[in-house]
Amino acid sequence: MNKDLKPNVLFLVLDGLRSDKFHGVNKTSITPYLDNLVKNGTYFEQCVSSAPCTVPSVASTITSLYPFECVVQDENVFTINQKLENYISILKNSGYTTYATFQEVIYFLGLDKIYDHAETYPVSSKLWNGLGEQIIKKLNNEMKEPWFYYLHLYDLHLLSYPKEYRLKNGPEEITDEKYGINQYERIISAMDPWLKKILDSIDLQNTIVIITSDHGTEVASYTGDLEDFNDKNIESRLHNPGKFFKIAQKISNSIPKNMFLGKKTFAQLYTNRTQSKIKKKMLPKLDEIDKSVRPYENRLMRASVWGDAFVYDERFRIPLLIFGYNVPTKKIIEQQVRSIDIFPTIFEIAKLDHTPLGHGKSLFPLIQNKPYKEMPAFLEGAANAPKFVNKNIIGIRTSEFKYFRDKYDSTVKVHLYDLKNDPLEEKNIAENDPLTVKKMEEILIKLQNDNGFDYEKSEQILDIDEEKKIEEELRKLGYI
Amino acid sequence: MNLIFIMMDGARLDRIVNGKNYSNLIKNSTFFPKTITYAPYTIAALHAVFSGTYGHNNGVNSYWSTPKFKKNEYKTLSLYLQEKGYHTYADVINDLVLPNIGFDSFVVHDELNDDLTERHKLLLENMKTKSDQNKDFFLYLHYSNIHTGIMEQVLKKYDNFSDEYFSKKNENAKFYDTLFENADEYLGEIISHCKKLNLIENSLIVVISDHGISIGEKLGERAYGVYCYDYTLISTALFHHPSIPKKITENQIRSIDLLPTILEILSISMDSNYKPIDGQSLMPIINGSSEERIAFSQSGNPLKNKQPPKEPNVFSIRTDKWKFISNIHNNTEELYDLEVDPTEENNLINFNPDISSKLRQEMNNTLHDGKQLS
């Protein structure tokens with residue numbers, strides 16, 4: 001490649017993919033292509049996300065900030081704080097044309113405003129039923145170099161649908177045990193040939209490819225009885241919104257925003273009531289969980305009944321594979337790294353000048369075998385939307401310990417796990433090791449800002465027009 | 001009782017105490033010559049006055065943050081009065097400087113062309129009509145012509161590091177004096193007009209300044225809104241009504257204390273549906289108690305930039321004796337003994353660690369409700 005040319009960047013997010021199911025002894029999927037990629041790139045075995053779900057995690061990754069710093073609560077949704085600089089805008093300023101393909105459901109994150117060209121696909125679209133072809137076509141025809149392409153695939157989310165729907169709409173591998181110990185791994189097996197086709201469409205000499213995820217999931221651990229248990233819970237949670245919901249939604253969409261009663265739409269009120277009904281139905285099931293199972297299984301079962309926003313590794317350990325332009329091959333790095341480090345690394349690999357954002361730290365020295373100090377990873381039991389904010393948990397992870405506690409009270413829900421000796425986080429040693437708790441708390445508390453660990457509300461953010469108006473007024477007053 | 005609230009934008013204490021009309025008014029009022037403003041620039045300063053709350057709590061802590069005012073959490077002076085049936089009227093320099101809440105009329109004057117004396121006299125006459133119809137009124141009058149002069153002759157001509165500006169301190173002082181003399185004349189005319197309209201007996205007259213103005217004391221601040229030194233941080237407050245004692249209180253108070261004081265004088269209770277405010281009524285001090293009010297302030301040093309920052313980056317804690325300053329933008333601290341060093345020339349930060357530590361803790365407590373950050 002001409003040394004003056006900038007490499008393209010493909011940023012591939014496989015939503016819900018867990019690191020232990022991407023590479024390593026726990027993996028049972030059949031993925032010859034992905035296995036080969038690991039050999040041809042640099043793989044980080046211990047990459048930690050900032051959040052257990054998509055919106056706060058993606059917002060954190062592209063800003064290198066923690067979720068509470070970069071996500072704005074806009075009434076009933078969380079969005080990326082558009083006022084903050086993010087790495088996509090820096091890429092644009094560096095001459096890149098930025099593209100994104102993601103599912104409709106994450107449109108509300110505000111991604112459409114960040115990329116030059118953003119397109120969405122329906123919830124039902126998966127690699128095997130047309131989406132794969134659509135992406136390949138895009139790569140072959142539309143991309144203006146140098147490009148950055150954010151591709152967010154939701155194939156593993158098929159598992160959140162009822163069994164009947166999964167079997168009808170899933171890939172044929174989903175029922176065949178040779179492709180993996182559970183349906184999650186079989187879907188990964190089904191994704192493998194499609195990922196090959198997609199990546200075969202690009203010039204790897206001239207492209208940095210990142211394969212990662214936004215968060216992990218408990219479902220990856222389910223087998224046999226646990227899959228059946230989870231299916232029963234999915235069925236129980238189903239709720240037909242009925243005619244009233246549709247009418248209310250239609251009415252609320254037709255009313256100007258400032259006319260909503262108490263700032264809530266009719267549909268929101270209805271949704272809240274529905275949530276409450278489902279919660280009432282599901283919570284008693286927590287008491288039915290067999291107490292004799294080991295703590296890890298108990299936790300998986302509880303998550304199946306009613307998602308707790310804790311910060312255990314099954315939600316936070318994500319794969320990170322980097323390969324292609326200027327990336328060493330056959331390299332596996334065990335050291336803990338963070339999702340907020342990914343973009344600084346891309347910039348250094350691509351040799352792009354920039355002022356680093358947020359708290360991220362390029363992993364390039366680590367790739368080059370240079371000394372690299374492990375950074376503690378901030379963890380937040382953040383949610384995709386305010387209605388799910390029922391657990392306020394924050395914590396810190398090092399390769400040795402995991403510490404977490406209530407967001408507002410350092411003495412509530414205090415947990416400490418020895419990750420070396422207890423990787424499944426089954427034995428809370430907080431009471432036995434107050435010194436480590438104190439040390440971890442000291443690291444954690446330094447990360448808060450003026451709002452503590454709270455999200456900013458959108459009414460506190462100025463929109464661009466408002467800011468221009470203020471600028472004009474300040475100019476008149478002589479301050480600018 | 002009516003409320004006539006006169007805001008003398010940018011009036012310096014050292015000129016106020018020597019102003020002919022100011023002095024006459026001070027003799028007949030309770031005067032607080034050391035009213036420490038929350039912010040040494042109008043926007044954040046007045047939001048703090050009107051909410052009785054520091055900007056880091058009320059949302060307005062920068063030149064840019066007027067729309068962020070937390071109107072659902074803090075009830076403004078104007079809303080208190082409007083809800084009590086007052087006719088509320090504001091004549092302002094700009095619609096960013098006050099929370100536009102609770103005003104029946106919120107009018108922006110043309111600081112370059114309007115004759116504020118005549119304009120405000122006319123407004124007093126209009127209010128008098130309301131008063132004669134047994135309707136209490138709240139009239140907010142913003143005297144902006146000191147700002148106008150500074151804007152035209154300083155802000156637009158020099159930057160914060162202009163050698164020319166900082167080399168002519170005497171000339172700067174003379175120019176400021178001219179602006180202040182006009183301000184003092186304005187005040188005299190307005191008070192005379194109040195007397196003429198028989199508004200003195202049934203009106204609480206409050207006269208404040210929002211901040212001082214540099215005449216070139218410290219390189220890096222050609223006017224105000226940069227540092228937290230006393231020449232801009234000290235504002236003033238004056239309460240005038242026949243029932244209010246005539247006295248001068250030398251102890252420092254805070255601009256956030258004005259709201260609860262006015263409400264107490266007007267016998268209006270705090271609304272418990274809103275968050276508790278940071279300020280406290282000054283009535284105990286007016287009635288003779290001697291107490292120190294520790295003051296927290298924030299400013300936004302633009303450094304070499306051409307516009308003020310979006311977030312404050314200079315914080316200070318002031319007591320009657322000490323000033324502790326934390327410069328967030330370069331991670332430095334300052335400590336001054338104000339009794340022996342009123343012009344804040346000798347930074348004692350390395351010589352008095354106990355006082356520094358105590359004031360740093362005080363700042364942390366103010367900022368984080370008692371949570372220790374570092």
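**Exercise 1.** Decide how many of the eight residues of helix α13 (residues 342–349) of chain A are buried, and name the residues in α13(A) that are buried.

*Solution.* In this predicted model, helix α13 of chain A is mostly covered, since seven of its eight residues are buried. Going through α13(A) in order, the buried residues are A:I342, A:F343, A:P344, A:T345, A:I346, A:F347 and A:I349. Beyond the helix, α13(A) is followed by A:K351, which has a positive phi, near 60 degrees.

**Exercise 2.** Work out why A:C47 counts as buried, and do likewise for B:C194; then state how many disulfides a search of the whole structure finds.

*Solution.* The cut-off comes at the start: a residue is buried when its relative accessible area is under 20%. A:C47 has a relative accessible area of 0% and is therefore buried. B:C194 also has a relative accessible area of 0%, so B:C194 is buried. Turning to disulfides, the search over all chains finds zero.

**Exercise 3.** Describe the interface of chain B and chain A, beginning with the residues in contact and ending with the classes of residue on the side of chain B.

*Solution.* To begin, 23 residues of chain B touch 18 residues of chain A. The two chains bury about 2000 Å² between them, with 59% of it on carbon and sulfur atoms. Next, the count of salt bridges between chain B and chain A is zero, whereas three residue pairs are in polar contact across the interface. On the side of chain B that touches chain A, helix α7 (residues 145–155) gives the most, with three residues. Finally, sorted by class, that side of chain B has 11 nonpolar, four polar and eight charged residues.

Technical notes: Residues numbered from 1 in each chain as written. Chains lettered and ligands numbered in written order. Predicted model: local features only at pLDDT ≥ 70, side-chain atom pairs only at ≥ 80, totals over all residues. Heavy atoms only, no water. Contact = heavy atoms within 4.5 Å. Buried area = accessible area lost by both parts, 1.4 Å probe. Salt bridge = Lys/Arg side-chain N within 4 Å of Asp/Glu carboxyl O. Polar contact = N/O pair within 3.5 Å; in protein donor to acceptor, adjacent residues only side chain to side chain. Helix = DSSP H or I, 4+ residues; strand = E, 2+ residues; numbered from the N terminus. Nonpolar A, V, L, I, M, F, W, Y, C, P; charged D, E, K, R; others polar. Disulfide = S-S within 2.5 Å. Buried < 20%, exposed > 50% of the residue type's maximum accessible area, 1.4 Å probe, protein only.
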